[in-house]
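Reader: Please show the model. I would like to go through the contact between its chains.

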Number of protein chains: 2
Amino acid sequence: MNLTAATTHDGVVERAFTLGDVTGVLWSPETPTADAPLILMGHTGGLHKKSPGLVARARNFVTGYGYTVAAIDAPGHGDRPRDERDQQWVAEMSAARAAGESMRRVITDYNASLAERAVPEWQATIDALQALPEVGAGPIGYAGTTLGTAIGLMLTAVESRIRVAEFGPVFVYEALLESARKLTIPVRFQLAWDDPEIDRELGLELFGACGSADKALHAFPGAHQRIPRTEIDISARFFARHLRGDAAA
Amino acid sequence: MNLTAATTHDGVVERAFTLGDVTGVLWSPETPTADAPLILMGHTGGLHKKSPGLVARARNFVTGYGYTVAAIDAPGHGDRPRDERDQQWVAEMSAARAAGESMRRVITDYNASLAERAVPEWQATIDALQALPEVGAGPIGYAGTTLGTAIGLMLTAVESRIRVAEFGPVFVYEALLESARKLTIPVRFQLAWDDPEIDRELGLELFGACGSADKALHAFPGAHQRIPRTEIDISARFFARHLRGDAAA
């Protein structure tokens with residue numbers, strides 16, 4: 001893992017890294033605690049590791065809770081070149097959108113392929129991060145929506161180092177349901193009730209399939225791009241409870 | 001309104017009251033604040049104003065937040081005599097349960113009748129409570145599940161003094177959906193995902209119908225009798241945000 005020099009802004013130390021082809025970013029407190037919780041954040045489809053919403057949440061996790069946070073670009077996203085097949089999927093998505101058709105089929109195929117590639121990338125990233133003395137082997141949480149949920153569900157089902165996870169709206173397909181059934185860790189699902197692209201029934205089906213005894217589904221009006229402030233607070237308390245053992249959170 | 005002498009236990013002052021035929025109870029802090037928020041609590045079907053779960057939450061509202069809390073017995077519940085027609089409904093419920101049949105039809109009819117009678121009782125209770133100098137005209141919240149939801153939805157739709165409400169699983173019928181559509185205040189719905197009596201589809205339909213822009217649906221595994229500790233905390237923060245303007249809650 002190659003880490004760039006750190007830049008510090010408002011109490012958050014930021015370092016870009018590469019691990020083979022994977023490009024990532026690590027945010028940590030100015031005074032890191034050994035074995036502090038690590039949060040892995042999955043960006044949404046079409047965006048990247050430093051999307052404004054993701055960065056805002058990551059910074060809040062660092063300054064408000066003392067976590068270390070890492071995000072990586074999905075294959076063909078952010079700083080990573082997009083191969084021909086992925087370019088084709090993106091073109092098919094644009095065509096479907098332009099024609100006013102549902103993007104479900106093409107996004108499902110594209111997400112499934114990206115998740116297959118991203119899971120081993122995340123696992124190698126966890127290995128490399130935990131080997132850094134300033135990160136260490138603290139408890140790990142995962143948070144991500146849309147593509148970040150597709151990748152995160154597949155990852156969480158096979159990665160026992162992840163102890164708690166939060167997912168959002170996603171086009172659901174059988175492999176995701178299968179991963180959800182395998183989960184036993186505490187999980188929170190966010191559901192955008194009126195999302196014009198991702199039908200709410202998919203989120204209900206995914207929540208229903210989830211095997212965890214400690215699971216919650218929180219639905220709010222509107223589309224998935226706009227999570228209410230209240231739910232962001234509830235999310236922060238959810239992670240604090242499970243990563244810091246903060247019972248009062 | 002006739003109030004009995006106060007008894008004080010662990011920082012909570014309790015007074016029983018009657019208002020005509022209605023029997024109620026009022027919990028308040030030892031040192032009441034003028035115009036403190038007032039929470040109205042609706043008990044579940046078959047129970048009464050001093051059911052253990054209701055009392056525990058009421059006491060927490062008083063000691064943790066300084067609210068005044070009131071609960072009244074629904075007609076034919078708790079300390080109130082049950083008339084012949086209500087006795088018949090109760091017998092029909094028992095028969096349906098014994099036969100392993102759904103109680104939906106009979107509970108719907110019974111709840112609709114109880115709600116029709118309970119709404120003016122609650123309104124008179126609010127009038128009388130607000131006339132007490134130690135209560136005053138602070139903001140009002142409503143919380144109740146099953147029968148407490150049926151009554152609370154009908155009440156909240158016509159009672160502009162209620163500024164925030166929380167509802168739970170209930171057998172849904174057209175009048176309830178109509179009341180839900182009229183709501184504009186912040187509302188939180190709790191949904192017991194695996195409730196063996198009240199199908200989750202009913203809760204989803206009710207949430208979907210609710211007219212409020214600020215609404216949330218929180219689903220959790222299991223039956224409606226057992227609300228997770230986390231959801232009780234989220235509920236307390238929800239009321240604090242809307243009744244005390246506690247933005248950080």
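Reader: How many bridges join strand S10 of chain A to S10(B)?

Author: In this predicted model, strand S10 (residues 215–220) of chain A and S10(B) run antiparallel. Strands here are DSSP runs of E with at least two residues and helices are runs of H or I with at least four, numbered from the N terminus; two strands pair if DSSP finds at least two bridges between them. A:His218 stands opposite B:His218 in S10(B). The number of bridges joining the strands is three.

Reader: What rotation superposes chain B on chain A, and which residue of chain B comes closest to the axis?

Author: The superposition is by least squares on the C-alpha atoms of residues with pLDDT of at least 70 in both copies. The rotation is 180 degrees, with 0.0 Å of shift along its axis and an RMSD of 0.0 Å. That is therefore the relation of a two-fold axis. At 2.3 Å (C-alpha), the residue of chain B closest to the rotation axis is B:His218.

Reader: How much area do chain B and chain A bury between them?

Author: Buried area is the accessible area (1.4 Å probe) that two parts lose on being put together, summed over both. Of the area between these chains, 58% is on carbon and sulfur atoms. In chain B, the residues that lose the most area to chain A are B:Trp193, B:Pro221 and B:Arg237, together 29% of what that side buries. The two chains bury about 1600 Å².

Reader: Which element gives the largest share of the side of chain B that touches chain A?

Author: Contact means heavy atoms within 4.5 Å, and 19 residues from each of chain B and chain A take part. Helix H6 (200–209), strand S10 (215–220) and helix H7 (229–243) of chain B each give two or more residues to this side. The largest share, six residues, comes from S10(B).

Reader: How many salt bridges are there between chain B and chain A?

Author: A salt bridge is a side-chain nitrogen of Lys or Arg within 4 Å of a carboxyl oxygen of Asp or Glu. Between chain B and chain A the count is zero.

Reader: How are residues and chains labelled, and which values count?

Author: Residues are numbered from 1 along each chain as its sequence is written, while chains are lettered from A and ligands numbered from 1 in the order in which they are written. Local features need pLDDT of at least 70, side-chain atom pairs count only at pLDDT 80 or more, and totals for chains, interfaces and linings use all residues, whereas side-chain values use heavy atoms, with hydrogens and water left out.
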